[in-house]
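Have the sequence and the model open as you read.

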Amino acid sequence: MTKSMGTVVARNLAPELTSVQECRQLTGSNPLFGAVFTQHMVTGQYDAENGWHDFQVEPLSPFSFHPATSTLHYGQAIFEGLKAYAQPDGSIAVFRPEVNAQRFAASARRLAMPPLPEQVFEAAIQQLVDVERNWVPQGYGESLYLRPMMFARDARLTTRPSATYTFCLIACPVGAYFPNGVSVVTVWISEDYVRAVRGGTGEAKCAGNYAASFLAQQEATANRCDQVVWLDAIDRETIEEMGGMNLYFVLDDGGQRKLITPVPTGSLLKGVTRASLLTVANDLGYQVEERRITTEEWEHGSRTGTIVESFACGTAAVVTPVGAAKSRKGSFTIGDGAPGPVTMELRQRLLDIQHGRQKDTHGWLCPIGPAEKG
Ligand SMILES: *Cc1c(COP(=O)(O)O)cnc(C)c1O
């Protein structure tokens, strides 16, 4: 870790809110996702001469930019999303930060940005969660959502990779995604718009992928759907993923339940939740296959009863059941349209691991060190 990150200077902002409890008193409910921030952020700088340097924990405050700042024009911007969970013994643990560190570095390489060393990423997470430990909510399904990001800082319009970058890490306390019981989503299969194409940036967690997705999301909303399902950009048949989440399908294989998830093609984003569920499903005795699955198979299987459940997975909502799908051609229901038993079993198991209620047999929980005495 760089010298400047060794000492945490947690300056007091003296605001009204100092913990998630107070924040809850103020709002009278769980904070909305991504709308309430903790008091500090970690920042770090990159330039060719010094490499990554000048990391600090500082009060969360706005940036100011020159109008020519490269990110605003050419979009060299990447991010990550991961969570810290309160543990039964009062400690705090972050779920698989090393995998996010690897993906952050891979995203940086794809956008010709300087990868942040993985141990620096992990140290930033440690430092911020340690400083903000009072902001980690205690309830089941609640967590401190962590948002690392990196963006280009050169103030010039030349079309080339920026020579300077800023890393920043912020945090939001988030409530249970389904405070009133798990509900299903209806999805819109997008046939006109695509999110990503092989050879493009679909495998990188970059800001531009989201910009490319919002119009289709509006189309989904206009069709009374909650989320978009993306298809392969070339064949427009192969299912890739859903909004910012990956998809799973539960098959009835002669009475046995079997799981299918789309095989990575180079254009879908390989989620940490997706990868974790491959393992969890195996642990629970399910056979899991990564393979191509088309909209035709999904619809036909759902109609004939060979596909009995579908769900989406990602850090924010963990596991979300998909009850029905719509497209311009019509709609179909999956199973009886309600959350299915395999979906709920996997969801429960993964949440139990994240909250320390199940043995962490795969070493996925990264403990946050005790508060530094100063
Ligand atoms: C972040 C993301 C996911 C889910 O990844 P997790 O690591 O499980 O949170 C899936 N699809 C897209 C497009 C994403 O950006």
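Start at Cys168, which is buried, with a relative accessible area of 1%. Keep in mind that we're looking at a predicted model here. Cys172 is buried as well, its relative accessible area coming to 4%. Both values fall under the 20% cut-off for calling a residue buried.

So what about disulfides? A disulfide is a covalent bond between the sulfur atoms of two cysteines. In this model the count comes to zero disulfides. Take Cys168: the nearest cysteine sulfur belongs to Cys172 and is 11 Å away. Because a disulfide needs the two sulfur atoms within 2.5 Å, Cys168 is in no disulfide.

Where does the ligand sit? You'll find it in the largest pocket. There are 15 residues around the ligand, and those that come nearest are Lys205, Tyr210, Glu241, Thr273 and Thr315. Sort the shell by residue type and you get four nonpolar, seven polar and four charged residues.

Tyr210, one of the residues that come nearest, has a polar side-chain atom 2.6 Å from a ligand oxygen. Arg103 also brings in its side chain, with a polar atom 2.9 Å from an oxygen of the ligand. Val272 does it through the backbone: an N or O atom there lies 2.8 Å from a ligand oxygen. How much of the ligand does the protein bury? Taken alone, the ligand exposes 380 Å², and the protein buries 97% of that.

Note on methods:
Residues are numbered from 1 along each chain as its sequence is written. This is a predicted model: local features need pLDDT of at least 70, side-chain atom pairs count only at pLDDT 80 or more; totals for chains, interfaces and linings use all residues. Side-chain values use heavy atoms; hydrogens and water are left out. A residue is near a molecule or strand if one of its heavy atoms lies within 4 Å of it. A polar contact is a pair of N or O atoms within 3.5 Å; within protein, one must be able to donate a hydrogen and the other to accept it, and residues adjacent in sequence count only if both atoms are side-chain atoms. Accessible areas come from the Shrake-Rupley method with a 1.4 Å probe; for residues, only the protein chains shown count as cover. On a 1 Å grid over the protein atoms alone, a cavity is a set of points where a 1.4 Å probe fits but cannot get out, and a pocket is an open set with protein on both sides within 12 Å along at least five of seven lines; lining residues have an atom within 4 Å of a point. A molecule sits in a cavity or pocket if more than half of its atoms lie within 2 Å of its grid points. Ala, Val, Leu, Ile, Met, Phe, Trp, Tyr, Cys and Pro count as nonpolar, Asp, Glu, Lys and Arg as charged, and the others, Gly among them, as polar. Buried means under 20% relative accessible area, exposed over 50%, partly exposed in between (1.4 Å probe, protein chains only).
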